[in-house]
Amino acid sequence: MSFILLRFHLCCQRYGDTAALGRLLGRGCPVDAADYDGRSLLHVAVHNKQEAVVKQLLAAGADPNIGGRGGGCPLLEAAMEGSTAIQV
């Protein structure tokens, strides 16, 4: 996947744009794509408390236990942040 497409994909997570995310996933973007830091799309969505995006990614098959470079996973991050709105 190109760097530009990945940046756009991650931007959708930060702003909660589920329509754009759906279009990108429909065009074949990997649901577990990661940024330069090894953070998956689900990592970014959990970190930014984008509940609708988290649900959309999980429904599309995102792995809640995928590890980033720091070793943390989206499920652990949600638990550590005490997130009650986002349940992965």
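A residue is called buried when its relative accessible area is under 20%, exposed when that area is over 50%, and partly exposed in between, as judged with a 1.4 Å probe and protein chains only. The model discussed here is predicted, and local features need pLDDT of at least 70, side-chain atom pairs count only at pLDDT 80 or more, and totals for chains, interfaces and linings use all residues. Residues are numbered from 1 along each chain as its sequence is written, and side-chain values use heavy atoms, with hydrogens and water left out.

The protein contains five helices and zero strands, and its pattern along the sequence reads α-α-α-α-α. Here helices (H or I, at least four residues) and strands (E, at least two) are DSSP runs, numbered from the N terminus. Of its 88 residues, 38% count as buried. A contact requires heavy atoms within 4.5 Å; among contacts in the protein with a separation of 6 or more, 62% link residues 24 or more positions apart.

Helix 2 spans residues 18–26, and its buried residues are Ala20, Leu21, Leu24 and Leu25. Viewed down the axis of helix 2, these residues fall within an arc of 135°, so they line one face of the helix. The arc is taken from the directions that run from the helix axis to the C-beta atoms. An α-helix has 3.6 residues a turn, so residues three or four places apart point the same way. After helix 2 comes Gly28, with a positive phi near 100°.

The largest nonpolar core has 13 residues, and Leu42 and Leu57 have the most contacts inside it. Two or more residues of this core come from each of helix 2, helix 3 (41–47) and helix 4 (51–59), and helix 3 gives the largest share, four residues. Such a core is a set of buried Ala, Val, Leu, Ile, Met, Phe, Trp, Tyr and Cys residues joined through side-chain atoms within 4.5 Å. Apart from neighbours within four places in sequence, Leu57 contacts Gln13, Leu21, Val31, Leu41, Leu42, Ala45 and Ala62.

Helix 3 also holds His43. Histidine 43 counts as buried because its relative accessibility is 2%. When residues up to four places away in sequence are not counted, His43 touches Gly38, Ile66, Gly67, Gly68, Gly72, Cys73, Pro74 and Glu77. With Gly72 there is a further detail: a polar atom of the His43 side chain lies 3.0 Å from the backbone oxygen of Gly72.

Terms used:
Polar contact = N/O pair within 3.5 Å; in protein donor to acceptor, adjacent residues only side chain to side chain.
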